[in-house]
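This report is written for a reader meeting the structure for the first time. It moves from the whole complex to single residues.

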Amino acid sequence: MPAEQAREIVVGTLEYVTDLRFPGMLHGAVTRSAIPHGRIVAIDTTKAAAMPGVRAVLIGADVPCNRLGPADVDGPVLADQRVRQVGEAIALVAAVDEGTARRAAEAVVVTVEPLPVVADPRTALSPEVPKLHEGGNLAGRIGFASGDVEAALAAADVVVERVVGTGAQEHVAIEPPGGVALWEAGQVTIWCGSQNPGLHRRKVARALNVEIDDVRLVAGPVGGAFGARNDDPMPVFLAVLAKAAGAPVHMRMTREEVMAAGPKRHPFHTTVRVGFTEDGDLAASDMTALADTGPYVTSGPNVLKTSAEMSVGPYRMPVARFDGRVVYTNNANAGAFRGYGVPQVAFALETAIDEAAARLGMDPVELRMRNLLRGGDRHGLYGHAVTPGLRAAETLAAAAADEWWVSRREWQRAARGPWRRGTGIAMAVKGVGLGSGRGDAARARLICDINGHVRIWAGPNHTGQAIDVAYRQIAADVLGMDPARITVTVGDSQLVPESGATAASRSMYAGGSAVAAVCERYKAALAEAGGPARLVELGRAEFEATFHLPDVADPGLIPPKRLGDHAPHLVYGCSAQVVRLEVHELTGEIRVAGVVCAVDCGRAINPGAVIGQAEGGVAQGLGFALMEEHRLDGGRPLTTSLENYLIPTARDVPEIRTLLVEGDEPTGPMGAKGMSEVVIVPTGPAVAAAVADAVGVRPARLPITPERLLEGLR
Amino acid sequence: MPTTGFTYLRPLTVADLIRDLAEPGAFALAGGTDLVPLRAAGAITPAVLVDVKHVAELRGVETEGDAIRIGAATTLADLGERDGRSLDAILDGAKIVGAAQTRERATLGGNLCRSSPAGDTLCGLLVLDAVAELQSLDGIRHVPVRDFFTGPSRNVKKPSEALVSIRVPVREGGSAYRRFTYRRSMDLAVVGVAAWLSIEDGVCVNAAIAIGAVAPTPRLVPAAAETLVGTTCDDEAIAHACEHVVAASSPIDDVRGTRDHRLRVLRPLTRDTLLLALTRALGSSPP
């Protein structure tokens, strides 16, 4: 089934939230910090407020509760004492048109006394470095060892050590954040894209000091998210301005604002040591990771939690250790991003395994195959039992059976001139849902009418992946009905029961399960009552169901009290990818010729949507691997627009062969599970392995720019 | 952020065009692919926008005697569809500027007047010895493109002058333009090289080489071209030419690329460009 509104999206007629117009609507703009770190001495709004057409100018003191979260480290709505990042919001302006609002925002005079900039995460914890928050620059730490790693590594026949780094990636959703808010009779309605309407309602309610029920968020349609619309302050800005201005307020960020102030993927410095026996059995892994979260906490510690769990990949690991820190700096604030801490650690682990294969003289597929977790096996770090639905070996086998892997030596031999050719393979695993001990749940509501037409309100929200269509397909299947007689609504907090975030690969799994559950309830009632008309007559035509994501039954080595601190998953999905490419040995150019993406997705409810997610994940993974990096110099952004922050174009993305390795996830709806994140993970290490195959040098940093590649070759 | 409005004028004749451009604060608007974003960013504040696209003399490509005359407002898409062997180095550039949508609007004259060190058609104009026709109320002057650029985004054209046409002499030989970018489309040249070679009986009798994005302006490297004259453009001669090209360049470090990398790329890129121009000069189909 095609996406709802597929035609409107493609031809450009879909009305997005920033297309909404209201009578008397004002336009908002943000005054932002021009420097990475400083003490605010004074903010003078007189000139801005006096400009014709300006209706409101707000600073931090005007926000009832000037906080974006429960703690100081969540950051203020509007910086009032210190600025900690270029682009940080300091004042909000509402005016009769956008041009006036932006000019007034620029006319706000902010006097800042510059403070020393914390630019290097590697020294952020040194005592001589200024503290960005009262508690210091450590935003989070997670450490775990399943045994004596040093002894296991000492006993290993081969130990590979890799010191690697990955860059800050920008989400580049096509739609920059924006929307409209309306304050009326003590209640605020906000039309603004969100991956987490519930969280945004709480943020707005806190900032305005109102009850959560007085905040309605209509969170769509959204022009892409990829994690960026999780921590986004835009709904708060809109609500605060609408209340102060007493009129509807419209706002949209420019791409330049997104580049400076929007969240990024956490850049990591990662060191890994992996030990093997001479037969190629994994003996141990030891990983140390340092993540830069920028000035505020946002998702930092949670991202690191996922890094820790996925640091051992989809492998049996007799002994493993992970030690990770996430630190504050004056760099771009990092937040949630598709893959959520996994691409960074997988790059370390997978390239180490690739190097080990070379040193052991083994085929990289065979080496992985003999160490892969099978469904029901115990996790390599935490020792809990994973879902029997895991199909890691089948996924790797599917990728390795592709002609592009099989014929890799022919591909290499056909290289001509300065273009060298190589092929690489890599593997990844990612948990589905927030993990055990987090109380993760999704809900669905269903109403039938006398004719049997069914309306369903469900979450998580649709942010571009057409999850609402999948909900409709699940409902049609459970109810044995024509999907045309089922309506599904997502994203409106007034109608949809709280269902958590469109994140953590949970929407299909959690939202789909809630939909299936509410449909089962309706079906049973229908059978009992004898028809929809009778249910309406009895006043029993409305149903609600909650799906609680299952925790691990046996937490393995994790003390039960600390389950939520590590949040191990029961359900995982895998992806294995093959990349074939060419490297110009004189200029360092890399041309990717093809990618095979095998994905362990459980049952593919909507195969078209699954393939779309796989192809999008690979394209974004190629950007991360080859060109995308938000660069700063002393906290000042160098990549300021899409002219200098490059993402792959259609011509940079090769043919992608998506192989759906279907299976049956016993806890998922119709056997489905999440897959949209794991597909971005293997691309980077597979590209690196292909580069090593082509030119004999294994890249240590992503993105593999031509400069870095040639420096490695010299 | 634009703070002021502007007057929009749409002359239909060259006479009206040069009169309109004489107004204070007038800017010529061709495709607008640079002007519109520059204005939006507040880098320029035109008081009068003179739309040059509706003047017939500024459109189209014609042979006039021993030259090809290209109207300054001819779009890159229009140029890219042409098959003019004597324009190859210009057309190579015209075909890769921006995306298809950009090329439908962007013009050759606009690319020249913008005078970006990285402009993709400019090295081609240099090696093909193009001449710009500038008109104003003071009269007409013809400026060879090799004398046109004075610095990054700066040139000899006065604000009151209209670039009406660009004339390219029809000559024997083959030409080419190649560039290095970090992605395969919609990118700006990090390094660009154009070459023109005239070959008689297998020997190079005349040559020109120009480099882009590695100096304050696109520029010819006469010393490199001279080393090729009298040779068969064999590997050794090309290697010599490459050395001269590198010696003539003065790339900088910026967000788009490092000086070191530009220098590394320049040599193989010059070689590739020369080989393509040679193939075209010899009349065989390009690889």
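## Confidence and overall picture

The complex is a predicted model, and the predictor assigns to it an ipTM of 0.93 together with a pTM of 0.97. For chain B the average pLDDT is 95, and 97% of its residues score at least 70.

The table sets out like values for each chain.

| Chain | Box along the principal axes | Residues counted as buried | Accessible surface |
|---|---|---|---|
| Chain A | roughly 75 × 75 × 55 Å | 63% of 714 residues | about 24900 Å² |
| Chain B | roughly 60 × 45 × 30 Å | 54% of 287 residues | about 11900 Å² |

## Chain A

The secondary structure of chain A consists of 20 helices and 26 strands. Its radius of gyration is 26 Å, which agrees with the value near 27 Å that a compact globule of 714 residues would have. When contacts in chain A between residues at least 6 apart in sequence are considered, 81% of them join residues at least 24 apart.

How many of the eleven residues of helix 8 of chain A are buried? The count is nine, so this helix, which spans residues 300-310, is largely enclosed by the rest of the structure. Among its buried residues are Gly300(A), Val303(A) and Leu304(A), and the list also includes Lys305(A) and Glu309(A).

## Chain B

Chain B has ten helices and 14 strands. Its radius of gyration is 19 Å, close to the 19 Å that the globule rule gives for 287 residues, so chain B is as compact as a globular protein of that length. The domain assignment divides chain B into domain 1 (7-51), domain 2 (56-169) and domain 3 (174-281), and the C-alpha centres of domain 1 of chain B and domain 3 of chain B lie 35 Å apart. In chain B, 60% of the contacts between residues at least 6 apart in sequence join residues at least 24 apart, and 53% of the accessible surface of this chain belongs to carbon and sulfur atoms.

## Where the chains meet

At the interface, 19 residues of chain B are in contact with 26 residues of chain A. Which three residues supply more of the area that chain B buries against chain A than any other three? They are Arg183(B), Arg184(B) and Val255(B), which supply 35% of that area. Between them the two chains bury about 2000 Å², and 58% of this area is on carbon and sulfur atoms.

## Local features of chain A

Val496(A) is placed in the loop between strand 19 (486-489) and helix 15 (507-529) of chain A. Is this residue buried or exposed? Because its relative accessibility is 13%, below the 20% cut-off, Val496(A) counts as buried. Leaving aside residues up to four places away in sequence, Val496(A) touches Trp457(A), Ala458(A), Gly459(A), Thr489(A), Val490(A) and Gly491(A). The C-alpha atoms of Val496(A) and Pro197(A) are separated by 9.7 Å, although these residues are 299 residues apart along the chain.

Gly459(A), one of the residues that Val496(A) touches, is joined to Pro460(A) by a cis peptide bond with omega near -10°. Pro460(A) lies in the loop between strand 18 (454-458) and helix 14 (467-479) of chain A. The loop between strand 18 and helix 14 of chain A also holds Ala466(A), a residue other than glycine whose phi is positive, near 60°. Ala466(A) is buried, with a relative accessible area of 10%.

Another positive phi, of about 50°, is found at Val172(A), which is not a glycine. Val172(A) has its place in the loop between strand 8 (158-166) and strand 9 (178-184) of chain A, and with a relative accessible area of 10% this residue is buried.

A cis peptide bond also joins Leu702(A) and Pro703(A), with omega at about -5°. Pro703(A) is found in the loop between strand 26 (701-702) and helix 20 (706-713) of chain A.

Note on methods: Residues are numbered from 1 along each chain as its sequence is written. Chains are lettered from A and ligands numbered from 1 in the order in which they are written. This is a predicted model: local features need pLDDT of at least 70, side-chain atom pairs count only at pLDDT 80 or more; totals for chains, interfaces and linings use all residues. Side-chain values use heavy atoms; hydrogens and water are left out. Domain bounds come from an automatic or database domain assignment. Buried means under 20% relative accessible area, exposed over 50%, partly exposed in between (1.4 Å probe, protein chains only). Helices (H or I, at least four residues) and strands (E, at least two) are DSSP runs, numbered from the N terminus. pLDDT is the predictor's confidence in each residue, from 0 to 100. The radius of gyration is taken over C-alpha atoms; the globule rule is 2.2 Å times the number of residues to the power 0.38. Contact means heavy atoms within 4.5 Å. Accessible areas come from the Shrake-Rupley method with a 1.4 Å probe; for residues, only the protein chains shown count as cover. Buried area is the accessible area (1.4 Å probe) that two parts lose on being put together, summed over both.
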